[in-house]
Amino acid sequence: RVPKDEFDSLVSDSPFAELVTVLIDAAAEARSVDFEELAERLPGESRALLRSLAIGDASVEASTAERTVDDTLHWLREQRYKREQNEITRRLRDPRVSEEEKLQLLGERNRLLKERQQSLRSNPEATAGGRGGSRVAPV
């Protein structure tokens, strides 16, 4: 559903990346993996995240789980887009950047904007709040 390289760029250097990697590895095993065994495979912050997500015994319908994943991916993409836009803006304001490089940065900004627009058109349900982004961070 999401290419690994895109996922890595969305959650790099975060407890989410470690948690999802361990969950994917566990799902690939030909056996049921115990919760405590999963927890032991994770470093501290990721282990705490797993435990906080596992609190309670409520089951979730597949449609709700799918929507949660979609919303989370949308939120992560929006965060990446904002980081990239902020970096471009910072570099454009730098007086040491040449005019040629500024033109390249403007081209990159335009490419990012087109990608974002295409993403929003292909998944309009993910734009809760009517302003092109979720109002709250997903769990």
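A nonpolar core is a set of buried Ala, Val, Leu, Ile, Met, Phe, Trp, Tyr and Cys residues joined through side-chain atoms within 4.5 Å. Buried means under 20% relative accessible area, exposed over 50%, and partly exposed in between, with a 1.4 Å probe and protein chains only. The model is predicted: local features need pLDDT of at least 70, side-chain atom pairs count only at pLDDT 80 or more, and totals for chains, interfaces and linings use all residues. Residues are numbered from 1 along each chain as its sequence is written, and side-chain values use heavy atoms, with hydrogens and water left out.

The chain has six helices and zero strands, and its elements run α-α-α-α-α-α from the N terminus on. Helices (H or I, at least four residues) and strands (E, at least two) are DSSP runs, numbered from the N terminus. Of the 139 residues of the chain, 27% count as buried. The chain exposes about 9,900 Å², of which carbon and sulfur atoms supply 53%; accessible areas come from the Shrake-Rupley method with a 1.4 Å probe, and for residues only the protein chains shown count as cover.

The largest nonpolar core has nine residues: L19, V22, A26, V33, L38, A39, L42, L49 and L50. Two or more of these residues come from each of α2 (15-28), α3 (35-40) and α4 (44-54). The most, three residues, come from α2.

In α2, the buried residues are P15, A17, L19, V22 and A26. Their cover includes α1 (4-11), α3 and α4. Beyond its neighbours within four places in sequence, L19 is in contact (heavy atoms within 4.5 Å) with L42, S46, L49, L50 and L53. The end C-alpha atoms of α2 are 20 Å apart, which agrees with the 20 Å that its 14 residues should span at 1.5 Å a residue. The expected span of a helix is 1.5 Å times one less than its number of residues.

Q85 counts as buried because its relative accessibility is 11%. Leaving aside neighbours within four places in sequence, Q85 is in contact with R109, L112 and L113. One of these, L112, is buried in α6, as are K102, L105 and L120. Helix α6 (residues 99-122) has 24 residues and reaches 35 Å from its first C-alpha to its last, close to the 34 Å expected.

Over the chain, 53% of contacts between residues at least 6 apart in sequence join residues at least 24 apart.
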